[in-house]
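New notebook page, new protein. I want to get my bearings here before I go into details.

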Amino acid sequence: MFQEKVSASCLNIVTTSTEDGAFQKKGHSARVLSPEEEEKLAKDQVLVSEFKQLKLEKEAQKNWDLFYKRNHTNFFKDRHWTTREFQELKACREFADQKLTILEAGCGVGNCLFPLLEEDLNIFAYACDFSPRAVEYVKVLKPGKCVLFRDYGLYDHAMLRFKSGSKLGENFYVRQDGTRSYFFTEEFLSQLFKAEGYEQVVNEYVQRETVNRKEDLCVPRVFLQSKFKKPFSET
C-alpha cells in the first residue's frame with residue numbers, strides 16, 4: 001500500500017492504493033466536478049411531485065422489501081474493509097479477547113456484518129434495517145462509546161447517474177424501483193449528530209477511483225466516513 005500525507009494547506013488529504021487496486025483519498029473537501037457534471041446537476045432542478053414523494057415515504061419499507069425479494073443477497077458486495085477503515089473496532093478493547101458489542105443500523109442482508117463476524121469471533125452484534133428502533137438503540141448508547149458512520153457522499157458516481165425527474169430534494173433521489181438514496185455532506189451530518197449532543201471525532205470524505213483498464217472506464221466513488229462520540233455527562 002502506498003500512502004502519502006499532503007500538507008495542511010491541502011486539507012490533510014491522505015492518498016492510498018487499496019488492496020482491490022482502487023485509488024483512495026480522504027479529506028474535508030468535496031469531489032471537484034467536471035464542467036459537464038456541473039452542467040448536468042445545474043439543469044436537474046425539477047423535483048418529484050409532492051403526491052409522489054408522500055407515496056414513496058409511505059411505501060419505503062415495502063419498496064426495500066421488494067428490492068431484496070428481487071435481488072436476494074446478490075446486489076451488494078461483501079465489505080471486507082470495515083476494520084481497515086474503522087480501526088476502533090480493534091483498538092477499543094482493553095484486553096485481547098474482550099467481547100465487543102456493536103449495533104449495525106441499516107444492515108441489509110449482512111454484507112458488512114457477516115465478514116466482520118467471520119474475522120472477529122469476539123463480537124456480539126445487534127442488527128436492524130429500516131426501523132425507528134435503530135434510532136432508539138443509538139440514543140441508549142453508553143457515554144464514551146462511538147457511532148461509526150459510512151454512507152454515500154456528495155457527488156458520488158451514483159448521484160450523477162440519476163436521470164431528470166428522479167430528484168426528491170437537495171442531494172436526495174429516487175430509483176426506478178422506488179428505493180431512495182441520500183448523498184451526505186460533511187456539514188449536514190455534523191449538524192445532525194451535534195444537535196443530539198455528540199462530539200465529532202472524525203468526519204471526512206473518502207474518494208475512491210476505480211479504473212477498469214479493459215473497458216477504459218474510470219468510476220469516481222465518494223463516501224462520507226465519520227466517527228461521533230457520546231460524551232460523559234458533566235458533573
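First, a term I keep needing: I call a residue buried under 20% relative accessible area, exposed over 50%, and partly exposed in between, with a 1.4 Å probe and protein chains only. This is a predicted model, where local features need pLDDT of at least 70 and side-chain atom pairs count only at pLDDT 80 or more, while totals for chains, interfaces and linings use all residues. I number residues from 1 along each chain as its sequence is written, and side-chain values use heavy atoms, with hydrogens and water left out.

**Gln 225**

I looked up Gln 225 and found it in strand β11. My helices (H or I, at least four residues) and strands (E, at least two) are DSSP runs, numbered from the N terminus. Buried or exposed, I wondered about Gln 225? Gln 225 is buried, because its relative accessible area is 4%. Its side chain makes a polar contact with the side chain of Glu 85, at 3.0 Å. For me that term means a pair of N or O atoms within 3.5 Å; within protein, one must be able to donate a hydrogen and the other to accept it, and residues adjacent in sequence count only if both atoms are side-chain atoms. Leaving aside residues up to four places away in sequence, Gln 225 touches several others, including Lys 26, Phe 86, Phe 149 and Val 202. Contact here is heavy atoms within 4.5 Å.

**Helix α9**

Next I went to α9, residues 186-195, where Glu 186, Leu 189, Ser 190 and Phe 193 are buried. Seen down the helix axis, these buried residues fall within an arc of 100°, so they line one face of α9. The arc is taken from the directions from the helix axis to the C-beta atoms. What do they pack against? The answer is β3 (23-27), β6 (146-152), β10 (199-212) and β11 (217-229). On the face turned away from the buried side, I noted the exposed residues Gln 191 and Ala 195. Just after α9, Gly 197 has a positive phi of about 90°.

**Phe 124**

Phe 124 sits in strand β5, residues 123-128. I put it down as partly exposed, because its relative accessible area is 41%.

**Whole protein**

Last, I stepped back. I have nine helices and eleven strands on my list. Of the 235 residues, 35% count as buried. Among contacts with a separation of 6 or more, 60% come from residues 24 or more positions apart.
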